Amino acid sequence: MARIWFPRLQGNSRGCLAFEPFFLIPYSMVMTYATLYMYELGVTETAIGWITTLSLIVQVISSFLSGYLTDRLGRKRAVLYFDLLSWTLATIVWAVSQNVWFFVAAALLNGFQRVPSTAFYCLVVEDTRPADRTYVFTLLQIISVIGGLFAPLGGLLVYAYGLVDGTRIMYWIAAIFMTFQFVGRHLTTRETEMGYRKMQETRDLGLGKSLLDYAGAIREITASRSLLLIFGVYVLFNFQTTLKTTYLSLYMADYLHIDNDLISFVPAVSSIVMLLVLWLLTPRIPERAMYKSMMAGFGLSVVSNVMLVVGPITELAWVALSTIVAAVGMMISSPYLEAAVANAIDDNKRAKIFSMLSVLILLITSPAGIIGGWAYTFDPRIPIWLMIAAFALACLLTVRYERHHKALAA
């Protein structure tokens with residue numbers, strides 16, 4: 001079946017993408033209500049920020065270890081074991097949560113997601129030709145978009161059972177579907193050649209020397225202006241994603257006074273727009289224009305967020321228009337950013353460099369939860385303004401990266 005769906009892909013990338021909907025569909029349903037679920041169970045805005053930051057701190061630690069564990073266990077085993085820990089077990093804890101301490105426990109478990117993130121990244125990229133990587137990440141974006149179309153099902157559950165019980169049902173569905181994905185992907189992929197080589201090298205080096213070698217990757221990153229620039233863009237993109245995931249639904253419900261069951265239509269509208277962009281616009285963007293596409297996407301993201309804090313924000317049509325602009329911006333920037341980062345990293349150093357990139361991302365984004373929580377209590381619009389600033393700065397860095405890239409190629 002995967003061969004029919006993705007005829008251009010070979011090996012692991014095809015196996016990985018075939019099972020990805022079983023993660024992204026329930027994820028899109030439940031994450032729309034995750035913050036509201038916590039809030040309804042008595043967790044304050046500030047506590048939500050602290051829990052987000054706690055999860056990010058654990059992710060810093062797991063990111064530092066992720067390269068070593070990915071090389072030591074192999075890509076396949078690392079992604080399976082730690083996906084079951086950080087997602088299956090965490091979603092079960094979320095499903096039975098009663099107070100803030102359940103959410104703390106789930107955050108600790110979910111913080112280990114950086115290990116399977118690094119392992120999955122290596123598994124899907126290493127056996128894929130560089131020319132096909134934009135195609136792979138675009139397909140991942142399409143699957144994510146299709147997953148967003150199912151978000152209104154979460155709204156129906158909330159409408160039928162209430163916010164708390166409806167979200168609990170979504171978490172149980174997520175635990176079952178995600179586990180099916182993890183096992184199915186494990187059975188339909190194989191360890192990469194680079195994975196076998198790194199497993200042997202890691203055994204020979206031992207834990208201490210391996211971790212020192214991974215820590216040395218920071219020096220490799222800081223010594224390369226190209227890596228610093230494109231990684232800077234990636235860090236800023238992840239910073240705004242953390243704020244958006246944590247506070248946007250709460251902002252819409254609490255500040256814009258949008259009904260809880262209607263909020264689930266936001267990702268659905270985004271998904272429809274993204275599919276139209278993929279059909280009508282993306283095929284017309286040449287590969288050589290990837291950096292201009294990224295800059296245009298970031299610019300549209302700035303506009304969409306400005307729309308959420310100015311103008312007739314209480315009008316549902318205005319919020320819908322902002323959602324449409326944001327969806328277009330995301331669709332013409334995210335796949336190209338992922339491909340640019342992937343192509344900037346040498347295959348032989350992929351796990352090491354990507355794990356250290358994750359550490360850098362998390363060290364910078366970890367305060368986002370606390371900053372966002374404090375800012376939200378002061379003025380709910382401040383987290384949105386921070387997202388605007390992140391996109392604007394990312395656009396400027398992309399301009400510099402494009403110039404530097406052209407200078408190196410000349």
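The structure is a predicted model, in which local features need pLDDT of at least 70 and side-chain atom pairs count only at pLDDT 80 or more, while totals for chains, interfaces and linings use all residues. Residues are numbered from 1 along each chain as its sequence is written, and side-chain values use heavy atoms, with hydrogens and water left out.

Two packed helices are described by the angle between their axes and the distance between the axes. Helices are DSSP runs (H or I, at least four residues) numbered from the N terminus. Helix α10 (residues 151-161) packs against α11 at an angle of about 135°, and the two axes are 7 Å apart; the axes are lines fitted to C-alpha atoms over the stretch in contact, with angles running from 0 to 180 degrees between N-to-C directions. The helices α10 and α11 are therefore oblique to each other. Their crossing is right-handed, a term used if the near helix is turned clockwise from the far one by less than a right angle. On the α10 side, Gly154, Leu157, Val158 and Tyr161 meet Leu163, Asp165, Gly166, Ile169, Met170 and Ile173 of α11, contact being defined as heavy atoms within 4.5 Å.

Asp83 belongs to helix α6 (residues 75-95) and Arg185 to helix α11 (residues 163-188), so the pair ties together parts that are 102 residues apart in sequence. Asp83 and Arg185 are both buried (under 20% relative accessible area, with exposed over 50% and partly exposed in between, for a 1.4 Å probe and protein chains only). Arg185 is also one of the contacts of Gly15, together with Thr188 and Thr189, when neighbours of Gly15 within four places in sequence are left aside. Gly15 is placed in helix α2 (residues 11-19) and, at 8% relative accessibility, counts as buried.

The search of the whole structure finds four salt bridges. One of them joins Glu402 and Lys292, at 3.1 Å from N to O. Glu402 lies in helix α23 (residues 382-409) and Lys292 in helix α18 (residues 290-309), so this pair ties together parts that are 110 residues apart in sequence. Glu402 counts as buried at 9% relative accessibility, whereas Lys292, at 49%, counts as partly exposed. The side chains of Arg381 and Asp379 meet in another salt bridge, at 2.9 Å from N to O; Arg381 counts as partly exposed at 30% relative accessibility.

Gly195, located in helix α12 (residues 193-205), counts as buried at 0% relative accessibility. Although Gly195 and Lys76 are 119 residues apart in sequence, their C-alpha atoms are 8.8 Å apart in space. Gly195 touches Asp71, Arg75 and Glu126, residues up to four places away in sequence not being counted.

Helix α20 (residues 334-344) is mostly covered, with nine of its 11 residues buried; among them are Tyr336, Leu337 and Glu338. In helix α19, the buried residues include Val319, Met330 and Met331.

How values were computed
Helices (H or I, at least four residues) and strands (E, at least two) are DSSP runs, numbered from the N terminus. Angles under 35 degrees count as roughly parallel, over 145 as roughly antiparallel, 65 to 115 as roughly perpendicular and the rest as oblique.
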